[in-house]
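Biologist: I am new to this structure. Could you show me how to read its features, one at a time?

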Amino acid sequence: MVESNTEVENSGKCQICDKAAKSRCSGCVQAFYCSVEHQREDWKNHKPRCVPMRMCHDDKIGRHFIATRNIKPGEIVLKEAPLIIGPSQVTPPVCVGCLKEVREKNHGACEKCGWPVCSRACQESPTHANFECKLTVERGNKIVIKNFASPHPSYSCLLPLRCLLLKENDTERWKKVLELQSHDYDADDLQFKSDMERVVEFIPRFFKCNKWTREEIIKINGISRINGHELPLTNPSCVAIYHRASFFEHSCRPNLSKSFSENNEIIFWAPNGIKAKEHLTISYTDVLWETSNRRHHLQQTKHFECECERCTDVTEYGTYFSSLKCQKCNVGMLVPNSLKEWSQDWRCTDANCNNIVTYEKVNKFIEHVGKDLAAMEKENEGNCIKFIEHYSKWLSPNHFYITDVKVALSQIIGAGINGIQKISDERLKLKCKICKELIDLIEKIVPNEARVIGLIKFEFHSSLAEAGRRAMQVKDPNCKAMLEDSLRYCYDSIRLLGNEAKCLPEGNICRQARINASSLETLIGGILG
Ligand SMILES: C[S@@+](CC[C@H](N)C(=O)[O-])C[C@H]1O[C@@H](n2cnc3c(N)ncnc32)[C@H](O)[C@@H]1O
């Protein structure tokens, strides 16, 4: 249902008997009932649809969700199974059953159609057997895939093809796919040319069929590009399309966090709670990229110009995440006048400095740093420290390249089994300092980026715990406070990573955090005793 106003109505029709009703479900505030009995009677039917949000429409962003009531911190707003799942458009060959990597040496091919599979169960999995397998058999020749080392062009068509095949396989799901937004192609666009060749022209030619019109294939290809979510549960990652999850709008400072369950469900939840009537937002891009990178990525992949609150604040909440230091006064930061003037001259923020630098110069420097970083081995602690020391002369202290390297450092200092116990006091202090700075910064820019904040809080907790243990050994009276601090960060990382699938590194860290929390509780209890 699409509605054009954002106000919650005061009355409606009872879900059971259609009579005028004023009471409604307190969860979603959308389903009306004339009596408690009718609400009880409807609960089984209503439960899967009950969400604390309603869909609204806006000329600029299209359909989007608004909170119908206050959402509590940690509350799950939506958990949904995919409509369809398939390989990424650019991927080396993967098993078409489980979508996991296959290697040249150990791969098998489906006996019926030739697509790579890793087991009989995968060959018989319904998402393969009822989809591309059937169509390849109808074509009359098996597919032959020999190159397993690099992206394979035939895979580009699989996700749109699986969507198209829903038309005959599952009309309910097909209708839901058709409700999703596609996009208009620009004929000069490189993406358009590649999609034409690899999907729109490839499907009827390769499968020797005319089940779908050209417009239909273009539309479905657009739908899979605009609405596909990268699923990190396989290596390489695959893509899933969901129904209701497709209507969340984007913000570079979203109020929802995204997680995935083991069985590919998408979970949107509110780490910090949300007030009634607020727009519910997610991020379609990497929120730890700088403004021009994020906006370019959104333009290229989702075809819109982001003008969210974060993009319009050129200081990014006073963090200067995309800024350079002014080399003239060494006090202020260089920023553009406004988002609209991003590609014009950048000025110093210090009122006493009149320094102006052309965007061309700014951009050239940023590109140079980016190339340097891309060529650097980020797993090497020394390299990271040298990078920060060197580029801190020009980049703002919170610049996203500095932040990127600090995130790497927060993970590598003291990594490995018992690694944290072997590092010097000095390196332990450095790890604590980096973690604390990162937490403060990321919570300011993207307070709902639960995955990254949760991982850094885990690292901080383990450093504080080690510092506490060292303090205990020398009978430092501060040791208890350090361990209690560590436990608080440990609880926080459990809260932030608690929705992550157990098979993901984040899920594993959450499991470890639970074990650590229990050991810390015992240790602190021992000190108290
Ligand atoms: C996954 S869809 C979201 C649902 C879509 N609004 C609809 O009506 O189906 C993504 C598309 O929504 C629009 N959109 C989402 N967030 C936006 C934003 N912050 N600003 C402008 N357009 C946005 C863009 O057209 C984008 O390509």
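Biologist: Which residue stands opposite Val-239 in E12?

Modeller: Start with the general idea. Strands of a sheet pair through backbone hydrogen bonds, either parallel or antiparallel. Here, Gly-86 stands opposite Val-239 in E12. Strand E12 covers residues 238-241, and four bridges join E8 to E12 in the antiparallel sense. Two strands count as paired if DSSP finds at least two bridges between them. Strands (E, at least two residues) and helices (H or I, at least four) are DSSP runs, numbered from the N terminus. This is a predicted model: local features need pLDDT of at least 70, side-chain atom pairs count only at pLDDT 80 or more, and totals for chains, interfaces and linings use all residues. Residues are numbered from 1 along each chain as its sequence is written.

Biologist: What is the order of the open sheet of three strands that holds E8?

Modeller: The order is E8-E12-E11, with antiparallel pairing. Strand E8 (84-87) and strand E11 (229-231) are at the edges; each has a single partner strand, so one side of each lacks a neighbour in the sheet. Neighbouring strands here are turned by 35° against each other on average, direction ignored. Such axes are lines fitted to C-alpha atoms, for helices over the stretch in contact, and angles run from 0 to 180 degrees between N-to-C directions.

Biologist: Which strands form the open sheet with E15?

Modeller: Read the order again: E7-E15-E14, with antiparallel pairing. Its edges are strand E7 (75-80) and strand E14 (257-260); each has a single partner strand, so one side of each is left without a neighbour in the sheet. Five bridges join E7 to strand E15 (residues 266-270).

Biologist: Where does Lys-277 lie?

Modeller: Lys-277 is in the loop between E15 and strand E16 (281-282). Check its phi: near 75°, a positive value in a residue other than glycine.

Biologist: How many residues lie between E5 and E6 in their hairpin?

Modeller: Three residues lie between them. Strand E5 (residues 53-58) pairs with E6 in the antiparallel sense over six bridges. Asp-58 has Gly-62 in E6 as its bridge partner.

Biologist: Which residues come nearest to the ligand?

Modeller: A residue is near a molecule or strand if its C-beta atom, placed from the backbone, lies within 6 Å of it. Of the 17 residues around the ligand, Gly-62, Arg-63, Gln-181, Glu-249 and His-250 come nearest. Strand E6 (62-67), helix H8 (214-227) and strand E13 (249-250) are the elements that give two or more residues to this shell. E6 gives the most, with three.

Biologist: How many of the residues in that shell are nonpolar, polar and charged?

Modeller: The shell has six nonpolar, seven polar and four charged residues. Ala, Val, Leu, Ile, Met, Phe, Trp, Tyr, Cys and Pro count as nonpolar; Asp, Glu, Lys and Arg as charged; the others, Gly among them, as polar.

Biologist: What is the mean pLDDT of the protein chain?

Modeller: pLDDT is the predictor's confidence in each residue, from 0 to 100. The chain's mean is 94, and 98% of its residues reach 70 or more. Over residues 1-8 the pLDDT is below 50. Where pLDDT is low, the predicted coordinates should not be read in detail. The model scores ipTM 0.99 and pTM 0.92.

Biologist: How many helices and strands does the protein chain have?

Modeller: The count is 18 helices and 20 strands. The C-alpha trace spans about 70 × 60 × 55 Å along its principal axes.

Technical notes
Two residues are in contact if their C-beta atoms, placed from the backbone, lie within 7 Å.
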